[in-house]
Amino acid sequence: MNLTLRIWRQKDSSAKGQMVDYKVNDISEHMSFLEMMDVLNEQLVNSGEEPVAFDHDCREGICGMCSLYINGEAHGPDRGVTTCQLHMRMFNDGDTITIEPWRAAAFPVIKDLVVDRTSFERIQHAGGYISVNTSGNTQDANAIPISKHAADEAMDAATCIGCGACVATCKNSSAMLFVGAKVSQYALLPQGQVEAADRVKNMVAQMDLEGFGNCTNTGACEIECPKGISLDNIARMNRELIKAALK
Amino acid sequence: MALDSKIPEGPIQDKWTNYKNKINLVNPANKRNIDIIVVGTGLAGGSAAATLAELGYNVKAFAYQDSPRRAHSIAAQGGINAAKNYQGDGDSNYRLFYDTVKGGDYRSREANVYRLAEVSGNIIDQCVAQGVPFARDYGGLLDNRSFGGVLVSRTFYAKGQTGQQLLLGAYSAMNRQIARGKIEMFNRHEMLDVVIVDGKARGIIARNLITGEIERHSAHAVVIGTGGYGNVYFLSTNAMGSNATAAWKIHKKGAYFANPCFTQIHPTCIPRSGDYQSKLTLMSESLRNDGRIWVPKNMDDVIAIREGRKKPTDLSEEERDYYLERRYPAFGNLVPRDVASRAAKERCDAGYGVNATGEAVYLDFASAIQRYGKEQAKIHNIANPSKEKIYELGQKIVEAKYGNLFQMYEKIVDENPYKTPMMIYPATHYTMGGVWVDYNLMTTIPGCYCIGEANFSDHGANRLGASALMQGLADGYFVLPYTIGDYLSDDIRTGKIPTNSPEFDEAEKAVKDRIDFFVNNNGTKSVDHFHKRLGKVMWDKVGMARNEKGLKEAMAEIKQIREEFWKDVKVPGSANEMNPELEKAGRVADFLELGELFAKDALMREESCGGHFREESVELDGEQKGEAKRNDKDFAFVAAWEYKGEPADAVLHKEQLEFKDIELKQRSYK
């Protein structure tokens, strides 16, 4: 298929960006979206132009690096996939595809389609851990039985890849789904209880400090999340926060 | 320099304990005056950085991604081995040790492997304490599954995302130390050289990938945990950015590079679909617990399937060749990876491949769905269940076990693997070879350590499934933090290492010169052009089967591509900005050297062992006819190569392997 790509180009964080149109031809429907971007970049390199910078790494939907806003949707039109798992069979010959970076005050653009997500890092530094040293004499793993239900639910929360699609898609640029998932993973496990109150307070405080917006329960984040992280996690985070406030 | 593996004396089960009791320690106050650089933040680097910081050292950690959590350990699916014997099926440290040495086709160092088995149980304890949500049974205890090459269930898992969960565990431990200021994290930074002062590794030169700035970082020791070199094949299951640069740079400064030809081609990956392909996707080995691998018995059916006249589900049981079950009745579909890969290649080379390219075999879950469905019908007291009901019940179980993998397959291939068998084919996945290290995990450069996949140590010529995660975390959590202390105890009076020395000047200049060369070369061909050509030579001539003629050709061809690369590569953009093409150029330049050494190593090793298969060395008769033939008399050694300029001029050093606790014999999975 032949396509027109309308792509956000921005030299660096201080430059003013703009949308630029490119044409790519003979794209196979079996290609992944990023392989289509490779074709464009090879074309640009060969014609002496600067290729489009975009984040990507594992190309199997787990590292959370890729982050394209395609035709107004985080990770594009398919559901339950990251950009690297999106395939060109979702598009038609002659389409014009608009490609933008994640847009959020807390995710400034570094170059073209690459954004700075270190705000997510700082939220994790504020409490995304259980304080246990590596010693070699931690108690036996089976000494803490955990109900299968709780373990599975914690796993569902822990499956978040930290890509930031939730923020990009939210009209308030809220990071509550991301933070809620992390808080939930530990809140659901007995190992996480000791520090639960401090953890949720510190992580939420850092989230606010970074300039993420509030949650107005539109649920867009849950729909666009490539890993199907549930809104329940936001509810759980709020419960944990209230519990912590009453302590 | 003669190789000294520094294996402690004494019986194998006491070596590590005795060693720990006798090494020098650094007191907590002095640890505060010692700096350590850790390059790479996957399972090995991440766990090492966190643990060293917990101990009190000042750690500087480097990752090329925008967060340590994105290192490619995250993509490991199936699980992590540990000799916990929770299933009561006869597992023990010795058995894990034995399986690993045997699985590695007797080309690993016994003492290292035993230590690995010994600390494996601690890893699970540590991860659970960190909040890693491993799969559990209804009693709340940890669940296990089986992996290839073993007869026990010792693999712990978190759905099909075990690597992700373990890495997030190490990352959370890092976060705690970053918050305390004990780890200074350098995201989006790439190490471009190691700096050696007075014969010791004392720092690195790194490039800030956002600004292009070249930075000097000093430390009392440097730890490399940057993963394997599978991307030398261009197409592999590695991440796009996975590279050998850090390992190759230390090699060029004096670290020997061991057994580069020991590379794992993983049997169950999604077959390639076209020339535009940028990477290959793994389907976890755990699928072989329930999936059965086959191709049609009759060529007519192969042709009919390729032409779309027949579907795989049209073939009766009698018309299928479950070739692994046929050839290896004892282990069946759970033979080790090298054996499974070669068997798939053998069938496809004979013309039985089931897709248009002729490079695919089936991985079929129909039997498992039936088996689980019938079991569920019993559990739910459903008398005389219909075929549909059995299928429905069975599918639910398969979905619960492998749902995310099935979904991944469907998204890529656009076929429903519950209804039609998956198509799979081998692809480059892991490199057992790597930087040579002694028992302390130190390279031949004093003060320069190498951990995880980047070193060569534990897997011999073939790695067993679910052992990479085990080794990465063992090195980082439980081995390096001890061994490095012994070395650093000499450095308590050294003080800060200055970065204004001539050694730093020189290393920085070399890095800058190379970058300037790339951005000013104005050639005519892209970096990928050369990388793809290299990958094709590697796959065709240094792939699953190798011979003398092909390897000699490969060495010459790689040299040729390398020369063309340096004349004609085109890198757009400038040095002082984010420039992904420039990053790739540096990495591919190193692959173009490593690839030639790889072929040279394969040429030297005139035996077949593990992932290294020389067509000249096969069993000619008897029960093992056609299987790989190892030559212990002449090749029971680690090949450690010393850099001498051109890869073809590398000098071989042999570390003779001694097998005191395991009898050397032919691997048989029949």
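Domain bounds, as used in these legends, come from an automatic or database domain assignment. The model shown is predicted.

**View 1. The two assigned domains of chain B.** The C-alpha centres of domain 1 and domain 2 of chain B are 33 Å apart. In the domain assignment of chain B, domain 1 covers residues 267-427 and domain 2 covers residues 503-637.

**View 2. Contacts between domain 1 and domain 2 of chain B.** On each side of this boundary, 5 residues take part: 5 of domain 1 of chain B are in contact with 5 of domain 2 of chain B. Helix α10 (residues 337-349) of chain B supplies 4 residues, the largest share of the domain 1 side. That side of domain 1 of chain B consists of 3 charged, 1 polar and 1 nonpolar residues.

**View 3. The side of chain B that touches chain A.** Here 65 residues of chain B are in contact with 69 residues of chain A. Two or more residues each are given to the chain B side by α3 (43-55), α5 (110-130), α6 (162-180), α12 (387-413), α13 (468-488) and α17 (580-604) of chain B. Among these elements, α6(B) gives the most, with 9 residues. By class, the chain B side that touches chain A has 25 nonpolar, 24 polar and 16 charged residues.

**View 4. The span of chain B annotated in UniProt.** An unreviewed UniProt entry places the feature "domain: FAD-dependent oxidoreductase 2 FAD-binding" at residues 35-469 of chain B.

Terms used:
Residues numbered from 1 in each chain as written. Chains lettered and ligands numbered in written order. Predicted model: local features only at pLDDT ≥ 70, side-chain atom pairs only at ≥ 80, totals over all residues. Contact = placed C-beta atoms within 7 Å. Nonpolar A, V, L, I, M, F, W, Y, C, P; charged D, E, K, R; others polar. UniProt positions renumbered as here; feature names shortened; annotations may be inferred.
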